[in-house]
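Reader: I would like a close look at one part of this protein. Please take me through the annotated sites and the elements around them.

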Amino acid sequence: MEEAAGERSNLAGVRHILLVLSGKGGVGKSTIATELALSLRHSGKKVGILDVDLCGPSIPRMFRAQDNDVHQCDSGWVPVFVDQDKSISLMSIGFLLERPDDAVVWRGPKKNALIKQFVADVAWGDLDFLIVDTPPGTSDEHISTVEALRPYKPLGAILVTTPQAVSVGDVRRELTFCKKTGLRVLGIVENMSGFVCPHCSECTNIFSKGGGEELAKHAGVPFLGCVPLDPQLSQSLEEGRDFIQEFPKSSAFPALAHITQQILDGTLQQSS
């Protein structure tokens with residue numbers, strides 16, 4: 001019981017917990033988690049990102065925070081703040097590795113223990129939203145994350161897919177995972193939905209289109225929207241430019257703002 005009380009104190013100030021899931025790697029979960037955090041921040045919210053992708057922790061790099069160290073306080077680890085206002089905070093195994101190229105070659109039990117520790121021992125303080133960026137698949141780490149978060153009643157999961165049938169098929173399995181673990185699906189986001197030309201701003205569907213919407217309809221869950229590929233935004237990340245500043249200028253911003261508004265509307269309905 002004592003352990004549960006300790007856990008409660010660290011997540012007591014977190015109003016809503018969102019999980020970003022996908023049955024597949026490479027669909028842009030970390031990008032969507034990052035953009036969602038920035039979009040919520042634009043709406044005046046205080047946001048944390050918990051990166052439980054232990055083998056591919058990319059969140060620190062996206063915020064140019066990879067050189068930061070995590071410090072201890074009385075109630076556990078202090079997350080890394082990415083801006084002066086302390087409106088976005090991060091926790092990732094990327095901050096705990098001695099060298100950025102270190103591989104996490106661990107068996108399941110050790111990974112699961114770290115996930116439990118991440119959920120229990122990070123001193124988030126007061127947050128409007130905690131976004132949990134998960135690894136691909138419906139693996140051990142997913143089950144550990146959902147079980148560790150269950151006492152704190154997560155708001156639900158956002159499923160990320162790309163438009164192609166292969167990706168949609170894998171994400172369908174993630175829907176089954178959510179059903180089996182009792183995790184509410186807030187909706188599906190179709191990422192990489194078209195390519196926005198940096199010269200003429202025309203949007204071309206490189207893959208196909210509508211797979212995510214079709215899946216949402218079929219599964220009876222909300223379709224939150226399509227997020228286009230924006231090479232300028234990707235470039236700002238690659239070159240370490242200030243992604244936070246560049247994000248509102250990107251073609252992905254209106255799409256993410258629309259998705260964010262639906263999430264905020266949903267939380268309002270829940271609390272009324």
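Author: Start with a record. The UniProt entry, which is unreviewed, places the feature "binding site" at Cys 197 and Cys 200. Cys 197 sits in the loop between strand S9 (185-196) and strand S10 (203-204). Cys 200 lies in the loop between S9 and S10.

A word on confidence. This is a predicted model. Its mean pLDDT is 85, and 93% of the residues reach 70 or more. Residues 1-7 have pLDDT below 50, and beyond near neighbours in sequence this stretch makes two contacts in the model.

Now the other annotated stretch. The unreviewed UniProt entry also gives "binding site" for Gly 23, Lys 24, Gly 25, Gly 26, Val 27, Gly 28, Lys 29 and Ser 30. Gly 25 is in the loop between strand S1 (14-21) and H2. Gly 28 is found in the loop between S1 and H2. Gly 25 has 38%, so it counts as partly exposed. Gly 28 has 15%, under the 20% cut-off, so it counts as buried. What does Gly 28 touch, leaving aside neighbours within four places in sequence? Its contacts are Asn 191 and Met 192. Both numbers fall within S9, given as 185-196.

H2 covers residues 29-42, 14 residues in total. From its first C-alpha to its last it reaches 20 Å, close to the 20 Å expected at 1.5 Å a residue. H2 is mostly covered, with eleven of its 14 residues buried. Among the buried ones are Lys 29 and Ser 30, and the record includes both in its "binding site". Ile 32, Ala 33, Thr 34, Glu 35, Leu 36, Ala 37, Leu 38, Ser 39 and Leu 40 are buried too. Just after H2, Gly 44 takes a positive phi of about 85 degrees.

Then strand S2, residues 47-51. Five of its five residues are buried, so S2 is largely enclosed by the rest of the structure. Both faces are covered. Val 47, Ile 49 and Asp 51 are buried on one side, Gly 48 and Leu 50 on the other.

What pairs with S2? Strand S6 (residues 88-92) does, in the parallel sense, over five bridges. There, Ile 49 stands opposite Leu 90. Strand S7 (residues 127-133) also runs parallel to S2, joined by five bridges. In S7, Leu 130 is the bridge partner of Gly 48.

How values were computed
Residues are numbered from 1 along each chain as its sequence is written. This is a predicted model: local features need pLDDT of at least 70, side-chain atom pairs count only at pLDDT 80 or more; totals for chains, interfaces and linings use all residues. Side-chain values use heavy atoms; hydrogens and water are left out. UniProt positions are given in the numbering used here, feature names are shortened, and annotations may be inferred rather than shown by experiment. Helices (H or I, at least four residues) and strands (E, at least two) are DSSP runs, numbered from the N terminus. The expected span of a helix is 1.5 Å times one less than its number of residues. Buried means under 20% relative accessible area, exposed over 50%, partly exposed in between (1.4 Å probe, protein chains only). pLDDT is the predictor's confidence in each residue, from 0 to 100. Contact means heavy atoms within 4.5 Å. Two strands pair if DSSP finds at least two bridges between them.
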